[in-house]
Number of protein chains: 2
Amino acid sequence: MKTKILSNQEPKGTRDWLPEEFAIRHYIFETWRKVCRQYGFEEYLTPLVEYAEVYRAKSGEDIGGKELVTFTDLGGRELCIRPEMTPSVTRLVSKIYGTAPKPLKFFSIANFMRNEKPQRGRNREFWQLNCDIFGSDSPSSDLEVLQLSLDIMAAFGAPKGSFKVSLNSRQLLDGLLALCGKLADEQKIAVVRILDKWQKLSKKDLEARLEELGLSKKVVEVLFRFMESETISDLEKSLPELANNLGLLEIKKMITELQNLGYDHIYFNPAVIRGFDYYDGLIFEVFDTHPDNNRAMFGGGRYNGLAELFGSASFPAVGFAPGDETTRLFLESWNLLGDKFIKKSEMFYLPLFDGALIADIRKLAGQLRSEGKNVLVGFEVQKINKALEYANKKNISQVVICGSDELAQGHYKIKNMKTGEEKVSSINDL
Amino acid sequence: MKTKILSNQEPKGTRDWLPEEFAIRHYIFETWRKVCRQYGFEEYLTPLVEYAEVYRAKSGEDIGGKELVTFTDLGGRELCIRPEMTPSVTRLVSKIYGTAPKPLKFFSIANFMRNEKPQRGRNREFWQLNCDIFGSDSPSSDLEVLQLSLDIMAAFGAPKGSFKVSLNSRQLLDGLLALCGKLADEQKIAVVRILDKWQKLSKKDLEARLEELGLSKKVVEVLFRFMESETISDLEKSLPELANNLGLLEIKKMITELQNLGYDHIYFNPAVIRGFDYYDGLIFEVFDTHPDNNRAMFGGGRYNGLAELFGSASFPAVGFAPGDETTRLFLESWNLLGDKFIKKSEMFYLPLFDGALIADIRKLAGQLRSEGKNVLVGFEVQKINKALEYANKKNISQVVICGSDELAQGHYKIKNMKTGEEKVSSINDL
């Protein structure tokens with residue numbers, strides 16, 4: 001039957017990982033995994049899909065709205081591919097929260113999808129680490145989440161000053177909104193969403209949008225004073241009413257404690273808002289400072305109220321989520337990849353010099369594998385120079401030489417392709 | 001704002017993995033990865049989604065049809081969540097086939113989705129290992145794919161006889177169809193699909209369906225003689241016309257060669273058909289023989305023609321794909337899980353006995369982590385007995401004891417929860 005010829009390109013906003021690209025990804029994932037385990041976090045996973053309403057509820061107008069990838073299952077239920085992890089892991093934890101010893105420290109590495117316009121560092125399909133602590137309202141849990149983010153960057157070899165951490169607080173933003181006169185809950189959400197566009201829109205546009213919401217010029221001016229504060233002392237001067245806000249005090253304490261632990265480049269930043277509707281405490285973002293890649297890499301924060309969605313009593317929660325692509329761009333910008341991530345186990349290439357020897361070659365491969373070696377066996381008869389050429393092309397450093405002469409003498413040779421050295425070993429009973 | 005209360009159950013046909021469940025999964029994945037690397041296979045990945053037509057073309061009437069989960073992207077293109085890997089990896093390889101050194105030995109571990117009725121061992125979302133060799137038509141590549149399947153079972157500790165391998169061949173099936181008189185291509189596909197239901201339907205139903213296709217009673221009788229052959233010599237006797245079929249000769253040779261390498265429980269089985277339309281050579285399935293879990297676990301085969309879909313010259317390909325759930329059920333049935341899969345790195349619990357010591361405790365945790373230890377820090381002040389109780393509940397074997405007395409003396413104690421033993425170590429400058 002004739003079939004139509006199809007494109008061999010991946011769908012827009014998604015990507016293939018060939019082995020050399022996969023190796024970088026694997027290095028990133030294993031680094032995440034190692035640091036999370038060092039802090040006693042345990043790995044879990046949730047399904048690829050959720051009922052769409054789980055994400056419609058609190059993920060914000062974009063991620064929980066027009067970007068949501070939805071479909072209908074056999075039973076007519078509306079499902080979506082998860083666009084992020086926080087509501088899913090909250091759902092999972094709500095099933096066990098009552099009986100599990102607290103706090104729960106959980107992490108996962110998973111894929112996600114958003115139907116958005118792809119851009120540098122943001123694909124439609126992406127992978128994320130999600131680290132969260134459930135069941136602790138202690139500032140120690142916020143601190144640990146920040147510390148873990150910082151230690152992940154350190155584990156990648158990030159040099160001092162290559163990134164900075166920006167802190168803000170939803171409690172502080174609530175304090176700010178309280179200065180704006182009586183606002184309905186919906187208005188508050190709308191104001192926060194507009195402020196979240198601080199770095200994308202002009203001051204004039206922001207002003208217009210805020211006034212459309214019914215805010216007076218005076219109130220808009222208060223909001224602008226907040227957003228233009230470059231430091232905590234700036235803010236304390238321009239809006240002294242907020243100087244004792246609990247969120248602001250928490251930010252100050254967090255910066256001091258992290259500095260005491262030896263971390264630096266941690267700042268207050270009023271423009272860190274985080275688009276999700278569920279945050280309700282400290283929020284933060286980590287920024288790459290490289291001139292070629294100056295961008296927010298990832299963020300997180302506290303979301304104590306989200307569990308109420310699932311009818312359980314609310315429980316405290318704080319977490320963060322770095323992505324694979326932003327991490328890779330950071331590592332490339334700062335030239336942190338080099339060869340070290342390849343960490344390939346050594347490979348042995350065992351070519352076939354004579355078709356009649358195939359059964360012996362297979363048995364020798366089995367012997368070498370049982371010694372813990374990784375062995376690639378040649379399927380087609382090759383001359384020695386072709387075999388060495390193949391090994392070179394595939395970056396294989398060790399070639400096992402075993403022809404009829406070697407078999408007759410009960411040994412084989414291993415040729416090191418870098419040094420040219422040959423080592424003779426004897427063959428056990430094949 | 002009031003929000004509707006949502007269910008905290010995962011969508012039908014999908015599942016959460018809590019840490020203790022995830023640990024089993026991780027053990028399965030890492031075992032797959034280890035054995036694949038031992039054979040020189042390299043890890044790749046493709047996107048979660050593909051253009052739907054990639055799967056409509058050759059994945060068969062169920063997987064590529066009514067079970068396909070589809071949606072439309074921003075650009076109006078019809079996408080699907082991948083229901084299997086073979087067409088995706090063929091697409092990926094077709095991009096590099098011309099220039100890459102052959103053969104390519106590739107593996108991936110990925111998630112998939114099919115909108116089907118969930119049953120034991122078959123969820124709507126599932127994970128699979130996919131191992132494939134591209135660019136070799138040598139019987140050595142078929143053999144290696146079988147050997148790798150068998151060695152994966154061995155790596156899980158599968159006892160002799162706990163599973164069997166059933167072989168068949170599409171070439172042999174083509175030989176059979178040639179005995180049935182002139183059939184159109186569409187008729188051939190339809191016949192193969194009906195024979196694929198051999199173990200599900202009664203003989204009468206099968207007969208009726210085949211006759212509906214326009215096959216004569218005599219032809220149906222030929223097909224039944226084939227399907228009822230329990231061994232190769234049965235088949236040679238009942239259909240001597242097939243005795244020299246190249247597919248049958250290949251099966252015989254494969255069984256002999258695998259036996260020479262020390263593998264057993266490998267048989268010819270006419271009922272192994274494999275539902276995918278793309279297979280065109282040797283096909284196989286691995287069966288669990290446990291009375292409580294007697295089922296096909298996974299399978300594979302040769303699919304040389306599939307690359308034509310993507311307009312490239314066709315290239316030889318052979319592979320197989322075990323799933324996470326069928327593997328877990330096998331391990332559980334044969335009691336192969338025990339404790340060994342947990343392979344958790346040792347965890348140290350460092351409780352907080354006095355709030356005033358928090359900064360010192362954090363620094364000590366940092367010191368222990370830099371020594372390579374995994375350290376869980378207590379966030380709330382605990383008495384020693386509560387701390388030990390928590391460690392017990394969480395299955396943590398080592399508790400680090402460091403209160404004000406210890407700090408004053410510049411040391412800390414590590415209590416082994418199993419033996420009760422305590423070890424004193426000195427603290428570096430905090």
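In the predicted model, helix α6 (residues 170-178) of chain A packs against helix α11 (residues 246-260) of chain A at an angle of about 145°, the two axes lying 7 Å apart; axes are lines fitted to C-alpha atoms, for helices over the stretch in contact, and angles run from 0 to 180 degrees between N-to-C directions. Helices (H or I, at least four residues) are DSSP runs, numbered from the N terminus. The crossing of α6(A) past α11(A) is left-handed, that is, the near helix is turned anticlockwise from the far one by less than a right angle. A:Gln171, A:Leu172 and A:Gly175 of α6(A) form the contact with A:Leu246, A:Gly247 and A:Leu248 of α11(A), where contact requires C-beta atoms, placed from the backbone, within 7 Å. This contact comprises three nonpolar, three polar and no charged residues (nonpolar: Ala, Val, Leu, Ile, Met, Phe, Trp, Tyr, Cys and Pro; charged: Asp, Glu, Lys and Arg; polar: the others, Gly among them).

Between the chains, 78 residues of chain A are in contact with 78 residues of chain B, and the side of chain A that touches chain B divides into 36 nonpolar, 21 polar and 21 charged residues. Chain A is superposed on chain B by a rotation of 180° with 0.0 Å of shift along its axis (RMSD 0.0 Å), using least squares on the C-alpha atoms of residues with pLDDT of at least 70 in both copies. The two copies are therefore related as by a two-fold rotation axis, and the C-alpha of chain A nearest that axis belongs to A:Phe71, at 3.1 Å.

Residues are numbered from 1 along each chain as its sequence is written, while chains are lettered from A and ligands numbered from 1 in the order in which they are written. As the model is predicted, local features need pLDDT of at least 70 and side-chain atom pairs count only at pLDDT 80 or more, whereas totals for chains, interfaces and linings use all residues.

Notes. Helix = DSSP H or I, 4+ residues; strand = E, 2+ residues; numbered from the N terminus. Contact = placed C-beta atoms within 7 Å.
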